[in-house]
Amino acid sequence: MASPRVILTCKHEVTFDPPPSIGDEVYCRRCGLYRIVSQELTGMIRVNCRQCPYCRYYGTDERTANLGASKHSLRMPTHEIDIERDGKLIRTVSMMDVETLPFVVETLKTQEDRWVRALVREFVKTYQGSDASHT
Ligand SMILES: [Zn+2]
Ligand SMILES: [Zn+2]
């Protein structure tokens, strides 16, 4: 399931199958030199809230992680939630951030839960004014 990727001491990301262990010496094609494996990349996605202890691993599926973060954002609109893959930030979502609000709403719209749909409708109505009443 996890892609066999590792980071070398030269900071290059390389794919080996099977993946070598940390500390192994492998040939980096981009450097043209032998380098040491410094980190294994599992592709695991972590959703981590900055304002509360909410923190979950979502496997390697970014869509599920986006949905998890968006749902938390819907419950806790003032919270900022980081979505990270292997410790690298993919995006931060928050209902209070006009930049990420459309992303959260679009993500939640794919959800079949009725309470989620109802809440999204409510939220959009509240924050986008009364002209969004025919949805
Ligand atoms: Zn390299
Ligand atoms: Zn939170």
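Predicted model: local features only at pLDDT ≥ 70, side-chain atom pairs only at ≥ 80, totals over all residues.
Residues are numbered from 1 along each chain as its sequence is written, and chains are lettered from A and ligands numbered from 1 in the order in which they are written.

Strands (E, at least two residues) and helices (H or I, at least four residues) are DSSP runs numbered from the N terminus, and two strands are taken to pair if DSSP finds at least two bridges between them.

Strand S1 (residues 5-8) is paired with strand S4 (residues 33-41) through four bridges in the antiparallel sense, and Leu-8 is placed opposite Val-37 of S4. S1 is also joined to S2, antiparallel to it, by three bridges, with Arg-5 facing Thr-15 in S2. In a regular strand, side chains alternate between the two faces of the sheet. In S1, Val-6 and Leu-8 make up the covered face, whereas Arg-5 and Ile-7 make up the uncovered one.

S1 and S2 form a hairpin with four residues between them. Lys-11, in the loop between these strands, has a positive phi near 75 degrees although the residue is not glycine. Burial is assigned from C-beta atoms placed from the backbone: a residue is buried if 20 or more other C-beta atoms lie within 10 Å of its own, exposed if 12 or fewer, and partly exposed in between. Lys-11 counts as exposed because 12 C-beta neighbours lie inside 10 Å.

A positive phi, near 50 degrees, is also found at Asp-86, which is situated in the loop between strand S7 (81-85) and strand S8 (88-93). With 16 other C-beta atoms within 10 Å, Asp-86 is therefore partly exposed. Most residues other than glycine have a negative phi, and most peptide bonds are trans. The bond joining Asp-17 and Pro-18, however, is cis, with omega about 0 degrees; Pro-18 belongs to the loop between S2 and S3.
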